[in-house]
Amino acid sequence: MLLNVQRIINAPGERIAFQFHLDLSDVDFGGLYPAQDPVVVTGEVRNIAGMLLLSFTAGTTLKSVCDRCLKAFDNPCSVQCEYALAEQVEHEDCGDEIIVLEDGCVDVGDLARTAFILEMDTKTLCSEDCKGICPGCGVNLNQGSCTCKKQVDPRLAVLAQLLEKDKNET
C-alpha cells in the first residue's frame, strides 16, 4: 500500500491514519504456507515537530505445526514497527530506521510485509513444555507415555549386563 504523506510534511501535529489487509498466503515458510488469514496492518504517520514518524502493528493467526510433536495449532503472531521518514538523507549509512520518501510517498505494504516475515518464528511449539514424540514408536508424549524398551547406550552395555546379572542372582 503506497501512502502519500505530502500533506503533513510541513504541518506539525498532523497525522494520517491507515488500516489495510496484507495477503501473505503465498509465502512459503519451511514448506508450509502459515499465513492463510490476512495480516491486518493498522498504524499512522505523525508529524512531530517537523519529523515524520511512521508506526504500525501487523498481526494475524498463523496455521502452524509444532516442531516437536507435529500437532497443528493456531499461532497468533504480531509485530510492531516504527520508522522515521525523510525526503532525503545526508549520509547513506543512516540505518534501516530512516525511510526515504519517493515523491512524498512511502510503501507501507512493503515495510509491513518485510517486518512480518522477519518476525515469524523459525521454530514453532504448541506449548513451551511440549514433550514431543517418541523417536522409537512415534507416540505423542503429551498424550501418554510410550511402551518402548529403553535402548542401552552401546558404550554402557557391559554395565547393563552386570546389572542384569546382579538382578538375576538376588
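**Close-up views of a sheet and its helix**

**View 1. An open sheet of five strands runs in the order E2-E3-E4-E5-E6, with mixed pairing.** At the edges sit strand E2 (15-22) and strand E6 (98-100), each of which pairs on one side only. From one strand to the next, the twist averages 30°. Do keep in mind, as you look through these views, that this is a predicted model.

**View 2. Here strand E3 meets strand E4.** Strands of a sheet pair through backbone hydrogen bonds, either parallel or antiparallel. For E3 (residues 39-48) and E4 (residues 51-65), the sense is antiparallel, and the pairing extends over nine bridges.

**View 3. Helix H1 (residues 108-119) lies across the strands E2, E3, E4, E5 and E6.** Its direction makes an angle of about 45° with E4. H1 is twelve residues long, and its first and last C-alpha atoms are 16 Å apart, close to the 16 Å expected at 1.5 Å a residue.

**View 4. Which residues of H1 are buried?** They are Val108, Gly109, Leu111, Ala112, Ala115 and Phe116. Looking down the axis of H1, you will find these buried residues within an arc of 160°, so they line one face of the helix.

**View 5. Asp107 caps the N-terminal end of H1.** Zoom in on the Asp107 side chain: one of its oxygens lies 3.3 Å from the backbone nitrogen of Gly109.

Note on methods: Residues numbered from 1 in each chain as written. Predicted model: local features only at pLDDT ≥ 70, side-chain atom pairs only at ≥ 80, totals over all residues. Heavy atoms only, no water. Pairing = 2+ DSSP bridges. Helix = DSSP H or I, 4+ residues; strand = E, 2+ residues; numbered from the N terminus. Axes fitted to C-alpha atoms, helices over the stretch in contact; angles between N-to-C directions. Contact = heavy atoms within 4.5 Å. Expected span 1.5 Å × (residues − 1). Buried < 20%, exposed > 50% of the residue type's maximum accessible area, 1.4 Å probe, protein only. Arc of directions from axis to C-beta. Polar contact = N/O pair within 3.5 Å; in protein donor to acceptor, adjacent residues only side chain to side chain.
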